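Reader: Could you take me through the salt bridges in this one? I'd like a close look at one residue in particular.

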Amino acid sequence: MKKISKVPFKGTPEQEKEMKDWLCENGNKPGAALPALQKAQEIYGYLPIEVQRMVAEGVNRPLEEIYGISTFYAQFSLSPKGNYKISVCLGTACYVKGSGKILEKLEQKLGIKNGECTQDGMFSLDASRCIGACGLAPVFTVNDEVYGRIKEDGNEIDEILAKYRG
């Protein structure tokens, strides 16, 4: 089940204009709901209820249908992503080497759960499938940077987070 964000929505007038312009041009086309949600996620980075309402009105579909599409497809997120997107690999090699404990430690240190974003928008945390760095297990990424052979009981996690809090 996808988590709904507790972070207040902060869309800009420019984002709203871009979305509404797209909906005016494309909203009446058959099957516009999915492309509209893709465009909305491209513009806003996620699909808060406020954006889902705008899409529902723009494609003349019930909000429940738009919510159903938003929660069905893995490509959509109902929570914002942080400036620094942390992804913990839970693939087999990483998991047997302790990545589950690393995910728990990151949840504790960031004060958020898997799938959430910190209130300040700095970090988001997600579990992921294998990222293909099994030789470095356990690993997590921050944006595109890979951190491997992480020990959950060491200072590495604190040092990595401090680098980004800078």
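Is Lys39 buried or exposed, going by its relative accessibility?

Author: Quick caveat before the answer: this is a predicted model, where local features need pLDDT of at least 70 and side-chain atom pairs count only at pLDDT 80 or more, while totals for chains, interfaces and linings use all residues. Residues are numbered from 1 along each chain as its sequence is written, and side-chain values use heavy atoms, with hydrogens and water left out.

Now, Lys39 counts as buried, at 18% relative accessibility; buried means under 20% relative accessible area, exposed over 50%, and partly exposed in between (1.4 Å probe, protein chains only). Helices here are DSSP runs (H or I, at least four residues), numbered from the N terminus.

The structure holds eight salt bridges. Another one joins Lys17 and Asp21 at 2.6 Å, N to O. These two are about one helical turn from each other because they lie four residues apart in helix α1 (residues 13-26). Lys17 is exposed at 51%, and Asp21 is partly exposed at 40%.

Then there's Lys109 with Asp158, 2.9 Å between the closest N and O atoms. That pair links distant parts of the chain, helix α6 (residues 99-110) and helix α7 (residues 156-165), 49 residues apart. Back at Lys39, salt bridges with shared partners join Glu18, Lys39 and Glu42 into one network.

Key: Salt bridge = Lys/Arg side-chain N within 4 Å of Asp/Glu carboxyl O.
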